[in-house]
Amino acid sequence: MKILSVVGARPQFVKLAAIADAAARRDDVEHVIVHTGQHYDAAMSDVFFADLRIPAPDVNLAVGSGTHGRQTGAMLAGMDDVLAEHQPDWTLVYGDTNSTLAGTLSAVKMHLRVAHLEAGLRSFNRRMPEEHNRVLTDHAADLLLAPTEVARTHLAAEGLAERTLVTGDVMTDVCLRVAESVRDAALVLPPGIDPAEPFAVATIHRADNTDDPERLRALVTALQDLELPVALFAHPRLVAKAAEAGITLAGGAVHVGEPVAYPELIGAVQRASAVITDSGGLQKEAYLLGTPCSTIRTETEWVETLEGDWNRLVTDPRELPAAVGRPRPTAERPPHYGDGRAAARSVEALAERA
Ligand code: UD1
């Protein structure tokens, strides 16, 4: 059986690590990796392949950045020849980025079967490009590999129950494995942060937070005013938008660093007193590792993390100090995200249906 994975953005490389490993453990699976080139900086792409021991991509479409239409269109144009050459039994797409949607559309138009990993997540916020990508992908795909029971419920409500299989969350597989391996490793933090003292880890990259200068300014000011030192691992979009708006990220509590490799991020989250983020994956990693999270968004797809106050939504930056300073939750964290074997289960599901 041949699986062709289409990836392009940072969180997809983490998911791919789990699938590539599960595929390599079976001798009945040939796995082809296509990188769209959506993320191209070494820190956003290459280090993930190296650190997570993912085989080098077989194909790189090198599309780079652009408006949503241009970027997605360039991927679509590039995928036809790739799919025609490889004729996979399954095209596997991951998560909710423009690379997910492009991989899906190209395959269904060539009458090739598509499986969507991390199907059924919903924010119900139609301003998010990720929400368009998820909904369109779920409705076009043939097999929906859902990470949670909540995701299954969303798919059922949209008439997609028959195509759905709950596998658990593949990011959990990788997160738990990596957390164990870096438990005693030295932390990589921006200069000025003392790893022996309490600190927070922050990441911001969503268009809703970065693209409106007033919103971004309020957010950066709130971060700078926190009492806890903040290690801000700055995504290129954040750096670019702050520069455009004349906003200096560093200052006050905020210490700025480059985006870090996955094991380094997990190591920092594991030892941090708090996480502040608008990332989907990081909210869940904080939950898995038992670090309280404040999420700078109006909603979350990973609603299970909100239970017991482990994750709290912060819509107004002025609410940030109270959220970050809240007492450490004591509630249990049930294993909503699976048992760390989601990737093996997903590959098994594809093989059974090849
Ligand atoms: C994309 C995904 C988002 C995911 C995120 C993870 C979509 C619609 N969004 O958002 O769901 O959470 O990846 O990071 O697909 N840039 C660089 N170097 C890079 C990559 C990006 O400089 O290697 C800059 C460019 O200025 C680019 C901007 O960042 O225009 C945004 O990159 P893009 O891939 O379009 O979206 P992300 O914000 O990364």
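Basis of the entries. I worked on a predicted model, in which local features need pLDDT of at least 70, side-chain atom pairs count only at pLDDT 80 or more, and totals for chains, interfaces and linings use all residues. I numbered residues from 1 along each chain as its sequence is written, and side-chain values use heavy atoms, without hydrogens and water.

For Glu130 I recorded a polar side-chain atom 2.7 Å from a ligand oxygen. The protein covers 86% of the 740 Å² of accessible area that the ligand has on its own (Shrake-Rupley method, 1.4 Å probe).

Ligand shell. I found 21 residues around the ligand, with Gln38, His39, Asn98, Glu130 and Arg237 the closest; a residue is near if one of its heavy atoms lies within 4 Å. Helices H1 (10-24), H3 (68-86), H5 (129-140) and H10 (236-245) each supply at least two shell residues, and H5 gives the most, with three. Helices here are DSSP runs (H or I) of at least four residues. By class, I recorded six nonpolar, 10 polar and five charged residues in the shell. Domain 1 (2-169 + 338-352) and domain 2 (180-324) both contribute to the shell, so the ligand lies between them. The domain bounds come from an automatic or database assignment.

Aromatic pairs. I found four in the structure, counting rings whose centres lie within 6.5 Å. Phe13 and Phe49 form a tilted pair, 5.1 Å centre to centre with 55 degrees between the planes; stacked means under 30 degrees, edge-to-face over 60, and tilted the rest. Phe13 lies in helix H1 and Phe49 in helix H2 (residues 46-51), so this pair ties together parts 36 residues apart in sequence.

Conventions
Polar contact = N/O pair within 3.5 Å; in protein donor to acceptor, adjacent residues only side chain to side chain. Nonpolar A, V, L, I, M, F, W, Y, C, P; charged D, E, K, R; others polar. Phe/Tyr/Trp six-rings, centres within 6.5 Å; stacked < 30°, edge-to-face > 60°.
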